[in-house]
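Please read them alongside the sequence and the coordinates.

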Amino acid sequence: MDSTIAAPTPTPTASGSSALRRLYFVRFAFAAVWAALLLASARTLNPLGAMLLVIYPLFDVACAVVDLRSATAQRGPVRGLYLNIALSALTTAGLAAAATAGIPAVLRVWGAWAVTAGLVQLAVGIHRRAMAGQWPMIASGAISTLAGASFVAQAAQADASLSSLGGYAFLGGVFFLVSALRLGRAEKITGRLGSTRGGHNVGG
């Protein structure tokens, strides 16, 4: 029997929540713009589309690095974030190669990434569930896993296109927006409670 006692999950601080909220807003804005650009040329795999495909996982790597630094500073969970960085980096290389082979190859690589990254996001969200705004992230991770399987299935269809990737990215961005708004609301509530307690202390 393993006698190791797991350390309790640290309670996220206000600064950690603020950093995560800002990151979520940025991710929503990027996803919305990226999806719009991809949908404009979803039927063909032109140079712009190929560039967009490579940029997306690269941006995910950058966001995971920012999230990792914040989580490390707050002594939060980091294992899932390290895994996310590795998966996104591998996907960047995979998509660069798949873009030269055609849309079905892109859908297969993206589908594999969506499944694995979704599972990681689900695990990180569950670990952070004490923090406000994580239930949309948990739902997003679960949906990503299912969507990934559908992308792989679409790759076998004769009329395969990249439009589903645009919808997938935008929906993921919406989940980030919802989480950011929920984090902001939780910060306001926490601030009001802190002010009330402070006033009571002064009065006492």
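**Notes on the predicted model**

1. The largest pocket has a lining of 30 residues, and those nearest its centre are Arg27, Asp60, Ala117, Gln121 and Phe176. A pocket here is an open set of points on a 1 Å grid over the protein atoms alone, with protein on both sides within 12 Å along at least five of seven lines, whereas a cavity is a set of points where a 1.4 Å probe fits but cannot get out; lining residues have an atom within 4 Å of a point. Two or more lining residues come from each of helix H1 (14–39), helix H2 (47–73), helix H3 (79–98), helix H4 (103–127), helix H5 (135–154) and helix H6 (163–203), and H4 gives the largest share, with 7 residues.

2. On provenance, this is a predicted model, in which local features need pLDDT of at least 70 and side-chain atom pairs count only at pLDDT 80 or more, while totals for chains, interfaces and linings use all residues. Residues are numbered from 1 along each chain as its sequence is written, and side-chain values use heavy atoms, with hydrogens and water left out.

3. The protein has 6 helices and 0 strands, and its pattern along the sequence reads α-α-α-α-α-α. These elements are DSSP runs numbered from the N terminus, with helices (H or I) of at least four residues and strands (E) of at least two. Of the 204 residues, 41% count as buried, where buried means under 20% relative accessible area, exposed means over 50% and partly exposed lies in between (1.4 Å probe, protein chains only).

4. The volume of the largest pocket is about 520 Å³, a volume being the space filled by probe spheres set on grid points that are joined across faces, edges and corners. Its lining divides into 18 nonpolar, 8 polar and 4 charged residues; in this scheme Ala, Val, Leu, Ile, Met, Phe, Trp, Tyr, Cys and Pro are nonpolar, Asp, Glu, Lys and Arg are charged, and the others, Gly among them, are polar.

5. The structure also holds 2 cavities of 30 Å³ or more, and the second largest cavity has a volume of about 70 Å³. Among the residues that line this second largest cavity are Arg27, Asp60, Gly172, Gly173 and Phe176. H1, H2 and H6 each give two or more residues to that lining, with H6 giving the most, 4 residues, and by class the lining has 6 nonpolar, 2 polar and 2 charged residues.

6. How many salt bridges does a search of the whole structure find? The search finds 1, a salt bridge being a side-chain nitrogen of Lys or Arg within 4 Å of a carboxyl oxygen of Asp or Glu. The pair is formed by the side chains of Asp60 and Arg27, at 2.3 Å from N to O. Because Asp60 lies in helix H2 and Arg27 in helix H1, the pair ties together parts that are 33 residues apart in sequence. Asp60 is buried, at 7% relative accessible area, and Arg27 also counts as buried, at 13%.

7. Phe170, in helix H6, is partly exposed, with a relative accessible area of 39%. Phe170 and Ala32 are 138 residues apart in sequence, yet their C-alpha atoms are 5.4 Å apart in space.

8. Leu48, which is found in helix H2, counts as partly exposed at 38% relative accessibility.
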